[in-house]
Amino acid sequence: MTTENKIIKENDCPAEGLLKLLSGKWKSQIFLLAVSGPLRFNGLLRDLKGANKQSVAVALRELEDYGLLDKKVIKLKPLHIEYTLSEKGKSLIPVFKQLEFFSD
């Protein structure tokens, strides 16, 4: 069973499972930045004020493990890694739009 499935199955409410998937200081912010397009690690460090390398790396790894981000290695010199929303991640965009509706 994947980590994502385990988190969701432990909760009776799908919304609560989603909140646990995106809990933490940086995961939801990284997800929202990924909506705008591909992300690179150093760009995230610049955009996420106060984030350190380790916390961003952990958040990216968890989002990838949950199937919300895809990781693409671009074999150029120097090596580039890009993170983009997966199809599953894109399916959550309407949920975030609804949350924005309620934030007014």
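1. By class, the lining of the largest pocket has 6 nonpolar, 3 polar and 5 charged residues, where Ala, Val, Leu, Ile, Met, Phe, Trp, Tyr, Cys and Pro count as nonpolar, Asp, Glu, Lys and Arg as charged, and the others, Gly among them, as polar. The model is predicted, with local features needing pLDDT of at least 70 and side-chain atom pairs counted only at pLDDT 80 or more, whereas totals for chains, interfaces and linings use all residues. Residues are numbered from 1 along each chain as its sequence is written, and side-chain values use heavy atoms, with hydrogens and water left out.

2. The lining of this pocket comprises 14 residues, and R40, F41, N42, I81 and Y83 lie nearest the centre. Two or more lining residues come from each of α4 (41-47), α5 and β3 (80-85), these elements being DSSP runs numbered from the N terminus (helices H or I, at least four residues; strands E, at least two).

3. The axes of helix α3 (residues 27-35) and helix α5 (residues 53-65) come within 9 Å and cross at roughly 70°, the axes being lines fitted to C-alpha atoms, for helices over the stretch in contact, with angles from 0 to 180 degrees between N-to-C directions. The contact (heavy atoms within 4.5 Å) is made by K27, I30 and F31 of α3 together with V56, A59, L60, E62 and L63 of α5; by class, it has 6 nonpolar, no polar and 2 charged residues.

4. K77 and P78 are joined by a cis peptide bond, with omega about -5°, and P78 is found in the loop between β2 (69-74) and β3.

Conventions
On a 1 Å grid over the protein atoms alone, a cavity is a set of points where a 1.4 Å probe fits but cannot get out, and a pocket is an open set with protein on both sides within 12 Å along at least five of seven lines; lining residues have an atom within 4 Å of a point.
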